[in-house]
Amino acid sequence: MSGKLDDPKELINNAIKAQQKQLIGFKGNKNINKKKFEQAMIPNQFAISLSGEPTLYPKLSELIKEIKKRKATSFLVTNGLQPEAIKKLNPLPTNLYISLDAPNEELFKKIDRSSIKSAWEKLNISLELMSKLKTTTVLRITLVKGINDINPDQYAKLIQKANPKFVEVKAYMYVGFSQQRLEIKNMPFHDDVKLFAKEILKHLKNYKLKDEKKESRVVLLSRR
């Protein structure tokens, strides 16, 4: 790793400034709800996920600690390929998400094409770690139609290993750079997502279908 390492406080302050810059134009709207506007100008939820793999950031624990100091919640989303970094987290994020892209090693290698040696093994170590963490844990499965929407029984075994509080089964969306690799037919409808989630549930005794959002093509499973 080279270059200057971003300071956690600066990252948070700059994120808040960016939020305020996006919203400031609404202030002149006479119909705006002033209370909600003021609340939105000081965000209290931070997603640590959107640029690269967050567990590679050496000051991740400091970042989470700083978010906690501000009485805000943190959502850490990881690919699970840095189990040592997950193990060292102190404090833990409010919510920890691990992305699960495939039900088995063969398909995982085709989809993720990771440059990390033993990536599948590292992911499974992270899943085992997840089962022991005392925070809200979520396993996220993004379904790509015709590619990883198979073997619900194998997904169920991985879910049992991780024992997350929630499992989020969502549709791949045909947007951004993914359009260069996939086709619009690879984007499942909500009914496809719900049907596959139910297939997974057939192999899980301690989970139930908790909620769904048709517009977002997502289904939430919850541990009983």
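The model is predicted: local features need pLDDT of at least 70, side-chain atom pairs count only at pLDDT 80 or more, and totals for chains, interfaces and linings use all residues. Residues are numbered from 1 along each chain as its sequence is written, and side-chain values use heavy atoms, leaving out hydrogens and water.

**Overall fold**

The protein chain holds eight helices and seven strands. Its radius of gyration is 19 Å, close to the 17 Å that the globule rule gives for 224 residues, so the chain is as compact as a globular protein of that length. That radius is taken over C-alpha atoms, and the globule rule is 2.2 Å times the number of residues to the power 0.38. Helices (H or I, at least four residues) and strands (E, at least two) are DSSP runs, numbered from the N terminus. The C-alpha trace spans about 50 × 40 × 40 Å along its principal axes. Of the 224 residues, 39% count as buried. Buried means under 20% relative accessible area, exposed over 50%, and partly exposed in between (1.4 Å probe, protein chains only).

**Backbone**

Most residues other than glycine have a negative phi, and most peptide bonds are trans. The bond from N90 to P91 is cis, with omega near 5°. P91 sits in the loop between α4 (83-88) and β3 (95-99). N151 has a positive phi, near 50°. Its loop runs between β4 (136-143) and α7 (152-162). N163 also has a positive phi, of about 50°. This residue lies in the loop between α7 and β5 (166-171).

**Salt bridges**

A salt bridge is a side-chain nitrogen of Lys or Arg within 4 Å of a carboxyl oxygen of Asp or Glu. The whole structure has nine. The table includes three of them.

| Pair | N to O distance |
|---|---|
| K109 and E105 | 3.3 Å |
| E168 and R140 | 2.9 Å |
| E212 and K194 | 2.9 Å |

Why are K109 and E105 separated by about one helical turn? They are four residues apart in helix α5 (residues 105-112). K109 is exposed, at 53% relative accessibility, while E105 is partly exposed, at 29%.

E168 forms its salt bridge with R140. E168 lies in strand β5 and R140 in strand β4, so the pair ties together parts 28 residues apart in sequence. E168 is buried, at 15%. R140 is partly exposed, at 22%.

E212 and K194 meet in a salt bridge. This pair links strand β6 with helix α8 (residues 190-201), 18 residues apart.
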